[in-house]
Amino acid sequence: MKLLILTNNPDRPSFRQRIRAYIPALEAGGIDCEVGVFPSGLLARRNFLKRSADFDGVLLHKKGVNPLDAHWLCKYSNRIIYNYDDAVMYSDREPDRNSRTHLIRFRRSVKLADMVIAGSSYLAEHAKGFNSNVIVLPIGLKVSDYKIQNRQKNDRLTRLVWVGSKSTLGYLDDIRPVLERVGESCNNVILRIIADDFIDLENMKVEKCPWEKNTRGMKLASCDIGLAPLPDNRFTKGKCSFKVLEYSAAGLPVVASPIGTNTDFIRENITGFLVSDMDGWFNRIKQLIEDKSLRERMGRNG
């Protein structure tokens, strides 16, 4: 069986986590995969999509297609699967404003698909009005990438950690007042950021660790408390909580907002805490800083 995987950007985090991670397993199961990037120019796109006829199926990753792309895909493809793990029907910059462009492209992609695969039940509900064959496939990870058996710490600092990208760094900045308050009240705390961009704090040292595929697991495993803040809006409700899974795989307790699949992946008081206000963030982080045995127990549970 041959599968053509179409994307705008194979380097984006969602493609790495949602698609590329599974290609070896698909190929081991007898599905030959080819990743294709949408070209620019009408003729180039037509010729590119015409190749769909040479494959048993097309997997469309997170792409909201325009009318011509939809026409060519329907004309040449044998089967179409649409796979998404973000609230692509809304604008991440203006989530409370109805975006006609986002919604129309999302609806068009969902309608042309033979099957829709969504990252959460919240996302799936948005597709069910336009397609009767919608399933939920939560995001996963390779636990072996997070080498908690190699946990090594040569200091007595308690490390908070946030992993993400420049596009979501603002979510961490939203709890800056909490982090400053923690830094004022605890002198043995440091914040590690694993990303492609960083923030600075006045009352807490920040360790700036560039994100690298081969080292992110070890960088997480040498920390103590994972942070996963999210604002509450229509776009963030579609978040699939990959960082929460990373923290738990690395043996860390998690403090997170009760948004998106955070509420599915965190067991309250068992693997971490869900908090909805600044005092809650401060109290739970401080509780974990002061109680090493609680941190370790929640980490093992995760």
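Trainee: Why are α12 and α13 called roughly perpendicular to each other?
Mentor: In this predicted model, helix α12 (residues 278-290) and helix α13 (residues 292-301) pack at an angle of about 100°, with their axes 5 Å apart. Angles of 65 to 115 degrees count as roughly perpendicular, and therefore the two helices receive that description.

Trainee: Which residues make up that contact, and of which classes are they?
Mentor: From α12 come Gln 287, Leu 288, Ile 289 and Glu 290, and they meet Lys 292, Leu 294, Arg 295 and Met 298 of α13. Sorted by class, this contact of α12 with α13 has four nonpolar, one polar and three charged residues.

Trainee: What makes β9 and β12 edge strands?
Mentor: Their sheet is open and has six strands in the order β9-β8-β7-β10-β11-β12, with parallel pairing. β9 (205-210) and β12 (272-274) each have a single partner strand, so one side of each is left without a neighbour in the sheet. From one strand to the next, the twist averages 20°.

Trainee: How do you know that β7 and β10 count as paired?
Mentor: Pairing requires at least two bridges between the strands, and strand β7 (residues 158-163) and strand β10 (residues 225-228) have two bridges, in the parallel sense. As an example, Leu 160 has Ile 225 in β10 as its bridge partner. Helix α12 packs on this sheet, where it touches β7, β8 (189-195), β10, β11 (254-256) and β12, and its direction makes about 165° with that of β10.

Trainee: Why is Arg 45 called buried?
Mentor: Its relative accessible area is 12%, and buried means under 20%, so Arg 45 is classed as buried. Arg 45 is found in helix α3 (residues 42-50), and, leaving aside neighbours within four places in sequence, Arg 45 is in contact with Phe 38, Pro 39, Lys 63, Asn 66, Asp 69 and Trp 72.

Trainee: What makes the backbone at Lys 62 and Ser 241 worth a remark?
Mentor: Most residues other than glycine have a negative phi. Lys 62, which is not a glycine, has a positive phi of about 65°, and Ser 241, also not a glycine, has a positive phi of about 60°. Lys 62 is in the loop between β3 and α4 (67-76), whereas Ser 241 is in the loop between β10 and α10 (242-249).

Trainee: Are these two residues buried or exposed?
Mentor: The cut-off for buried is under 20%; Lys 62 has 13% relative accessibility and therefore counts as buried, and Ser 241, at 8% relative accessibility, counts as buried as well.

Key. Residues numbered from 1 in each chain as written. Predicted model: local features only at pLDDT ≥ 70, side-chain atom pairs only at ≥ 80, totals over all residues. Heavy atoms only, no water. Helix = DSSP H or I, 4+ residues; strand = E, 2+ residues; numbered from the N terminus. Buried < 20%, exposed > 50% of the residue type's maximum accessible area, 1.4 Å probe, protein only. Contact = heavy atoms within 4.5 Å. Axes fitted to C-alpha atoms, helices over the stretch in contact; angles between N-to-C directions. Parallel < 35°, antiparallel > 145°, perpendicular 65-115°, else oblique. Nonpolar A, V, L, I, M, F, W, Y, C, P; charged D, E, K, R; others polar.
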